[in-house]
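Thanks for asking me to look this one over. Have the sequence and the structure open side by side while you read my notes.

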Amino acid sequence: MSVIKRLVFIATMLLPFIPVYGQGILRHDADSLLRSLKKPAADTTRITALLKLAEYNILKPGEYKKDLDSAVTFIDEAKSINDKIKSPGAYGYIALDESYLARDRSQQANAKAFAEKAIQLLSKTSNYYELGQAYYLCATYYDLNNYAEIPKSVQLIEKGVEAFKKARAIEREAYGYRMLGELNTAVKTTLEKLEMSLSLYKSIHYQKVQGVYDLIAVAYLYDLNLQKALPYELLALKTAENLRDTTMQLCEINNHLGIIFYKKHDYKTAVFYFLNALKTAEAYKDIPTIYTLSDNAVNCYIDDNKPIAAKDMLQHIIKSYPVSNTDIATTHRTLSSFVKIYTALHQINQGRPYVARLADMDRTDHDKLANSDLIDDYLVIAKFYFAAKDYGSVAKYLNKNEDIVNRSGLAYDRVVTNGLWFKLDTIRKDYRSAVVHLLKMHKIQDSVFNQTKNLEFQKLQVQYDAEKRNQEIKILQQKDLLQQSSLDRADLIKNITIGGIVVMILVSALFYRNYRQKQLANNIITHKNELLQHLLTEKEWLLKEVHHRVKNNLHTVICLLESQARYLENDALKAIENSQHRIYAMSLIHQKLYQSDDIKTIDMAVYVPELVQSLEDGFDTSNQIEFKLNIEPINLSLSHAIPLGLIINEAVTNSIKYAFPNNRKGDISILMVNNGNSIKLELTDNGIGMPEIDHEAEPESLGLRLMQGLSEDIDADISFEIKNGTKITILFKRDALNDPESLLKLTEIKEEYV
């Protein structure tokens, strides 16, 4: 569940609230049944009509006493008739309706007892439809929040599915597979059940399948497969809109779309879907869901650096839908959101009352809150005290958090906790402890990375085994065909002359010899292909691991330089900071490579914005300098990506430092586009401009020497234009994406500039 740790799903376990009786009895059907009771009919026919009318009055929308009283009258009349004929099936159907009735009267224990009685009676009959209904109904009486009771509910639903198969009730069978998909905890099994449900629904042209599409998307989301989750969730939304569905199902779909786009870091689109979900929840006045969705939107606004928008929205929600003091979950979620908002706004005094109330609630309601809630609270409070520079309180809440994380926390929680400890130890100059926590954090990250890759490898292995079995089946089928052919030839040989027999034997021998030679050649080729594929896969995994380790080592160097920088001043400090930025530019490339399926090239449209964002955050220029990026999707190998990354780092750093003195505002533009057979990179600022450059003399600035040297390494032309600011233009030819010399060039660059 770490995939959605920071966002809260609207509960998808709707079994107690989803009707288990299928399409239901319509009003005109009920009228027809009433008319039929006025005519002479067999006792079994009258009993069935009476029980269907009872079911109609119990399950019709709204809870009115007169409807339940009518249901009791119909059930009693059915009992009276059946006491004469003593039909076991009728007794079972009566118990089923009595279970519906007890449930509507909130008599849970009686309702469950009647459902179990219905199962016992109907199991001895051929009334498979009513038996399936009884199984489904009984399954809803188990507490789905209690993991120990879920297997009992699953077992009942599976029996219900078998009953509906015998009754040939495809819609009811499909609904059973949907419930099994909801209850299963294994993603693979969940998807199998939901795909079966979808297939059955489609076989009868059943249109209301938006809920199934939504559940499939959620299953892929749990499996971190956003590429497959998004199409299914969009399909769920399209289906709901086509059917004009305005129920809370639409709210769930929009919420899940918001979560998917949040995980893709598309915060603007995520907020759009969260707000759409909020409209539906407001229409139904579903207060808990309204606050759940508000919390999701708050997280998006904060991560998108829009804490004021988050604050305005949350205050509007509280004003429109006041929270009851007895609603612990909603109050808890609201307090946590305000702490995050005031932390992002750096409004410490305004945030302290919310921190105090949240901490007090964690103490008084400790037993009512899940461990995951407490972990989140302690981390939120610790981050607040970091902003307040109250490092003693930071340590206090990190210690509290660590106690719970070590018992039941996820890997994500341990990574965040160790990262905050590293930050705190560095501030307190406890560098030994800082390095210990840094190494712990990297160890956990490596473990998670390896687990993820192992899962991917296992999936590939399963696919390979399946393909191998299919090939073996085909080979056996071919052998069967050959054997049958041999028998046919043998029958033919019996009816021909001795000379014909000799000829056929010779022909068969030649055919068999050619077949064996071809089979032997195919086996040799197949073996060589498998060996080459194995070596290629092994090298790719090894190269990804190398990039991963290089990235971690470079990140460790950055952290150590940061610790060393605390003892330095002036030029030495600036040199260390410049080195940190240069190392980060290279580290980011290695990170992108090991996270990507393509380990040979870097997408500059992804890499450059992230590099610029790190420089903007490092120099805190968000209110002074505006960055304008126009980067086309261009893939470059390491031999070009690292020099260009370092050039961009140097040029942007120089512009930030020197182009806008006295907090002068300005723009920095970066353009990278295809220019015929070459690629053009332009870095422009509208600052005061750099000093004139003597092109015949060697530049005194290390940054300029570095840019010129790196340009030469990639055979690029570099030019400087100083007019209304500074413009640096670099023109270089495309590199060979699979050039094996790229690694050699990368090694030379690192030795010369790192």
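Below are a few numbered points, taken one topic at a time.

1. Before anything else, keep in mind that this is a predicted model.

2. Let's start with two lysines in loops. Lys285 sits in the loop that links helix H13 (267-283) to helix H14 (287-303). Its phi is near 50°, and that is a positive value in a residue that isn't glycine. Is Lys285 buried or exposed? Lys285 counts as exposed, because its relative accessibility is 64% and the cut-off for exposed is over 50%.

3. Now go to Lys389, in the loop between helix H18 (371-388) and helix H19 (391-408). Here phi is near 60°, again positive in a residue other than glycine. Lys389 has a relative accessible area of 62%, so this lysine is exposed.

4. On to the cysteines. How many disulfides does the structure hold? The count is 0. Two cysteines to look at are Cys138 and Cys300. Cys138 has a relative accessible area of 2%, so Cys138 is buried. Cys300 is buried too, with a value of 0%. For both calls, the cut-off that matters is under 20%.

5. Which residues make the nonpolar surface patch of about 410 Å²? They are Leu482, Phe511, Tyr512 and Tyr515. Helix H22 (residues 498-565) gives the largest share of this patch, with 3 residues.

6. Strands of a sheet pair through backbone hydrogen bonds, and they can do so in a parallel or an antiparallel way.

7. Last, zoom in on one pair from that sheet. E2 and strand E4 (residues 666-675) run parallel, and 7 bridges join them. To find your place along this pair, look for Glu626, which stands opposite Asp667 in E4.

Key
Residues numbered from 1 in each chain as written. Predicted model: local features only at pLDDT ≥ 70, side-chain atom pairs only at ≥ 80, totals over all residues. Heavy atoms only, no water. Helix = DSSP H or I, 4+ residues; strand = E, 2+ residues; numbered from the N terminus. Buried < 20%, exposed > 50% of the residue type's maximum accessible area, 1.4 Å probe, protein only. Disulfide = S-S within 2.5 Å. Patch = residues over 30% accessible without salt bridge, like charges linked within 9 Å, V, L, I, M, F, W, Y side chains within 5 Å. Areas by Shrake-Rupley, 256 points an atom, 1.4 Å probe, with all protein chains shown as cover. Salt bridge = Lys/Arg side-chain N within 4 Å of Asp/Glu carboxyl O. Pairing = 2+ DSSP bridges.
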